[in-house]
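Okay, thanks for making time, everyone. I'd like to walk you through one structure this morning, so let me put it up on the screen.

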Amino acid sequence: HVSYYNEEEAYLMCATCDLSDVPEPCVSGSSSWTITEVDSTPTANIGMKSDIIVSDNTVHISYMGSAGGTQNALLYAEHIVGEGESEWDITYIVSYSITSVEQTSIATLDGNVYIAFYNDSKLQGASNSNGEWETIDLDAPEDTDVGKHASMTISEDGDFHIVYYDATNEALRHLFIENEGS
C-alpha cells in the first residue's frame with residue numbers, strides 16, 4: 001500500500017499492489033496496481049504529507065489538508081481491507097497553523113492509532129487510545145522550532161521512538177516513550 005497526493009486533482013490517493021501477480025508483481029505500469037481515491041473533499045488540497053501503515057487488515061493513513069487557504073487540518077483515513085474500494089472512514093483530528101505543513105508519521109499498537117506531527121513549531125502527537133482523538137505536545141520547549149520531519153516507530157515491547165529535526169539547534173532529536181503497560 002502506498003498513499004500519495006494527486007497534485008492535479010488535489011486528492012489523497014491509495015495505490016495497492018496485488019503481490020500474487022507473477023512473475024513480476026508491482027512493476028510500474030503493471031495491472032497489479034489498484035488506485036483508489038481516499039479523500040476528495042471539494043475545493044481543498046487533501047492528502048499532502050501523508051503516511052500509511054497496514055495493521056490487522058486495516059489501512060491507516062494520516063495526512064494534512066487545507067481548504068480555502070486557512071482551514072488546515074490533520075486528518076485520518078481508515079479502510080478495512082476487503083470492504084470495497086470506496087469505503088474509507090475520514091476523521092478530522094485537529095487544526096494546525098498555516099505555516100506548519102510538515103510530514104506526519106503513523107503507527108499502531110493494540111488496535112490504537114498514534115500519529116506524530118509538526119504543528120506551531122513543536123512536535124505533537126495524536127491518539128485514539130482513549131476512544132476518541134486527543135492531541136498532546138510531545139516536545140515543545142519555549143522559543144525553539146522542533147518536530148519537523150517526524151518519523152515514528154513502536155518497538156516489540158510497545159516503546160515509542162520518534163526521530164525529528166530540531167531547527168533551532170540544527171540537530172536530529174530522538175524521543176523515547178516507554179510503554180507503561182496501558
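This is a predicted model: local features need pLDDT of at least 70, side-chain atom pairs count only at pLDDT 80 or more; totals for chains, interfaces and linings use all residues.

Let's start with the rings. The count of aromatic pairs here comes to two.

Where do the two partners come from? Tyr 76 belongs to strand 6, residues 71–80, while Trp 133 is in the loop between strand 10 (122–127) and strand 11.

Next, Tyr 114 with Phe 160. What geometry does this pair have? Edge-to-face, with 4.8 Å from centre to centre and 75 degrees between the planes. Tyr 114 is in strand 9 (residues 112–119) and Phe 160 is in strand 13 (residues 160–166), so here the pair ties together parts 46 residues apart in sequence. Are these two buried or exposed? Tyr 114 has a relative accessible area of 15%, and the cut-off for buried is under 20%, so it counts as buried. Phe 160 comes in at 12%, so it's buried as well.

Let me step back to the whole chain for a second. What's the secondary structure made of? Zero helices and 14 strands.

Now the charges. How many salt bridges are there? The count comes to four, and I'll show you some of them.

Take Asp 139 and Arg 173. Their closest N and O atoms are 3.5 Å apart, and they form a salt bridge. This is another link between distant parts of the chain, with Asp 139 in strand 11 (residues 134–139) and Arg 173 in strand 14 (residues 171–177), 34 residues apart. On the burial side, Asp 139 has 13% relative accessibility, so it's buried. Arg 173 is at 27%, which falls between the 20% and 50% cut-offs, so that one is partly exposed.

Arg 173 has another partner as well: Asp 166 forms a salt bridge with Arg 173, and the closest N and O atoms there are 3.3 Å apart. Which residues end up in one network? Asp 139, Asp 166 and Arg 173, joined by salt bridges that share partners. As for Asp 166, its relative accessibility is 3%, so it counts as buried.

Then there's Lys 148 with Asp 145, a salt bridge with the closest N and O atoms 3.7 Å apart. Lys 148 is partly exposed at 22%, whereas Asp 145 is buried at 18%.

Which residues form the negative patch? That would be Glu 156, Asp 157, Glu 178 and Glu 180. Glu 178 is in the segment after strand 14, and at 55% relative accessibility, it's exposed.

Most residues other than glycine have a negative phi. His 149 isn't a glycine, yet its phi is positive, about 60 degrees, and that residue is in strand 12, residues 146–154. Glu 170 also has a positive phi, near 50 degrees. You'll find Glu 170 in the loop between strand 13 and strand 14, and it's exposed, with a relative accessible area of 65%.

Last stop is Glu 7, in the loop between strand 1 (2–6) and strand 2 (11–17). Is Glu 7 buried or exposed? Exposed, at 66% relative accessibility. How far are the C-alpha atoms of Glu 7 and Asn 45 from each other? They're separated by 8.3 Å, with the two residues 38 residues apart along the chain.

Okay, that's my tour. If anyone wants to look again, I'd go back to the network of Asp 139, Asp 166 and Arg 173, and then to the edge-to-face pair, Tyr 114 and Phe 160. Thanks, all.

Conventions. Residues are numbered from 1 along each chain as its sequence is written. Side-chain values use heavy atoms; hydrogens and water are left out. A salt bridge is a side-chain nitrogen of Lys or Arg within 4 Å of a carboxyl oxygen of Asp or Glu. Helices (H or I, at least four residues) and strands (E, at least two) are DSSP runs, numbered from the N terminus. Buried means under 20% relative accessible area, exposed over 50%, partly exposed in between (1.4 Å probe, protein chains only). Patches are made of residues with over 30% relative accessible area and no salt bridge: like charges are joined within 9 Å, nonpolar side chains (Val, Leu, Ile, Met, Phe, Trp, Tyr) within 5 Å. Accessible areas come from the Shrake-Rupley method with a 1.4 Å probe; for residues, only the protein chains shown count as cover. Lys and Arg count as positive and Asp and Glu as negative; His and the chain ends are not counted. The place of a charge is taken as NZ of Lys, CZ of Arg, CG of Asp or CD of Glu. Rings of Phe, Tyr and Trp (its six-membered ring) pair if their centres lie within 6.5 Å; planes under 30 degrees apart count as stacked, over 60 as edge-to-face and the rest as tilted.
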